[in-house]
Amino acid sequence: MGKLFWKFFFGFWLCLIAAALATGSALYLMREKPASSDIAEGPRAQFMLETMQEVLEGKGPGALADLLERNRLRTGNAVPVFAVSQSGEDILGREIPDNISLRINAWFGGREQAEPGILIVTAKDNSQWILFIPRNRKPPEPGAGASLEQSKLVDGRSDHARGEGRRQRDALQPPLPPVPGAGLVAALLASLLFAGVLAYTFSKPLNTLKNAFREAGKGRLGIRIAQSGRQRTDEIGELLSGFDLMASEIEARIEQQKALLHDVSHELRSPLARLNLAVGLARQNPAQLDNSLSRIETEAERLDNLIGELLNLSRLESTQSTDSARATHNVIELLGAVIEDARFEAQLQNKHIEFQEMLDTWTMPCEPEVLQRAFDNIIRNAVKHTPDGGKVEVVARQGAQGGLIIQVLDEGAGVPLELIGKLFTPFFKHGSKAGHGLGLAIARKSVENHGGTLTARLRQPVGMEFELLLPRFF
């Protein structure tokens, strides 16, 4: 077990102990404390007294005596309610405790105020009675009264045999429970078990997460922890899933960097090889020096273009520009300037660019050079793959959600459906007219940096359609 488990364990255990102590203290302070007088009080005593009062007032002393006697014969023990007349005798002839009998006359005469637990009742026959329950009264001695036959057996046992077990119930004031012994031990063991289960439940996934971070720090990014064991749907499960997502993203980024490094190496190797070949030919045949220098210049330009595009892609991936740091420009004007330049080059190839301008103005905070480079890469790519005499259509319109939609449609051969998702991958090439494979990747990243999207799909019967969506900023 790690340190985290013991921290959780002792924390939960102390909380349980504190809660138990607080609950016990509250129950102890709120308990019905024994009264200091010799008369029983409390809700149970009051209920029994009021019941006897209703019998006296409704049916008279005879009915009350019959009720008490029948209860004594049925249960083997008299009801602890005493009903004392003005003559100072109990209705069942039971012996009245000395400390109470001395005050009977004072209560009847009004010389002493009746304390809680005493009811002075006028019966149906207008006789006066005092109802009370003595506290901790002694069991009656044999022969104390004709109606209290101590030797009489009920259910095979005498009142004397039952008196010890019923003494607390007669007084209606059960004592406080004894100092816990076995109960305290059981409570401690239960709290230990509960705290241990809780500590294990919380510490196990965190220890798993800690070990996963250690493995990831060693370069083992293929580790996944959310799928191990039962799938959790709580916050801890989300934390484990978050680690898996982070590890997957990092692993994918590293794989992309490795693939990019491999592609860059491959792309640089070809022009460098041609440069070396041109240098070798120039040395072997000085008469062809001008041709060799022209080849060297061409390959150097290709290298420069390739490195420039790589720098642009790297800059776009690392730049996190905010809208507040950008100036507001008319995107339609930026797009029109790019189309005019592309039209001049397309005419030299006997191709035509048609611009359907459904909007005059569309302003948004942007980086004009970055956005124009994206437009240029998409349109030049369409012109390059459109056959001679073909047409490239550019449509700018407002979308249903209020955004700006720019569609570029060509008449080229297109790509197989399964390769459309790879069009925006760096160094992806298809067909004989492919360049370095960075133009569309740069275009998508430029659009995404402005909060937009760039997608591609096949046209029917031939051609490709690129759709650029920029969000609404006004």
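Helices (H or I, at least four residues) and strands (E, at least two) are DSSP runs, numbered from the N terminus. This is a predicted model, in which local features need pLDDT of at least 70, side-chain atom pairs count only at pLDDT 80 or more, and totals for chains, interfaces and linings use all residues. Residues are numbered from 1 along each chain as its sequence is written, and side-chain values use heavy atoms, with hydrogens and water left out.

**Whole chain**

Show the surface. The accessible area comes to about 28,000 Å², and 56% of that belongs to carbon and sulfur atoms. Such areas come from the Shrake-Rupley method with a 1.4 Å probe; for residues, only the protein chains shown count as cover. Of the 474 residues, 37% count as buried. Buried means under 20% relative accessible area, exposed over 50%, and partly exposed in between (1.4 Å probe, protein chains only). A contact means heavy atoms within 4.5 Å. Among contacts with a separation of 6 or more, 67% come from residues 24 or more positions apart.

**Stop 1: strand E10**

Select 404–409, which is strand E10. Six of its six residues are buried, so E10 is largely enclosed by the rest of the structure. In a regular strand the side chains alternate between the two faces of the sheet. Here Leu404, Ile406 and Val408 point one way, while Ile405, Gln407 and Leu409 point the other.

Two strands pair if DSSP finds at least two bridges between them. Strand E9 (residues 391–398) pairs with E10 in the antiparallel sense over six bridges. Look for Val394, which stands opposite Val408. The hairpin of E9 and E10 has five residues between the strands, and Gly402 there takes a positive phi near 95°. E12 also runs antiparallel to E10, joined by six bridges. Leu409 has Glu465 of E12 as its bridge partner.

**Stop 2: aromatic pairs**

How many aromatic pairs does a search of the whole structure find? Three. Rings of Phe, Tyr and Trp (its six-membered ring) pair if their centres lie within 6.5 Å; planes under 30 degrees apart count as stacked, over 60 as edge-to-face and the rest as tilted.

Select Phe82 and Phe132. Their ring centres are 5.6 Å apart and their planes at 20°, so this pair is stacked. Phe82 is in strand E1 (residues 82–85) and Phe132 in strand E3 (residues 128–132), 50 residues apart. Phe82 is buried at 1% relative accessibility, and Phe132 is buried at 0%.

Next, select Phe424 and Phe466. With centres 6.4 Å apart and planes at 85°, this pair is edge-to-face. Phe424 lies in the loop between E10 and H11 and Phe466 in E12 (residues 464–470), so the pair ties together parts 42 residues apart in sequence. Phe424 is buried at 9%, as is Phe466 at 3%.

Arg94 lies over the face of the Phe82 ring, 4.3 Å from its centre. The test is NZ of Lys or CZ of Arg within 6 Å of the ring centre and within 35 degrees of the ring normal.

**Stop 3: Asn330**

Select Asn330 in strand E6 (residues 327–330). Asn330 is buried at 12% relative accessibility. A polar atom of its side chain lies 2.9 Å from the backbone nitrogen of Trp362. Leaving out residues up to four places away in sequence, Asn330 touches Asp360, Thr361, Trp362 and Thr363.

**Stop 4: helix H11**

Finish at residues 439–449, helix H11, where the buried residues include Leu440, Ile442 and Val447. Just after H11, Gly451 takes a positive phi of about 80°.

Technical notes:
Polar contact = N/O pair within 3.5 Å; in protein donor to acceptor, adjacent residues only side chain to side chain.
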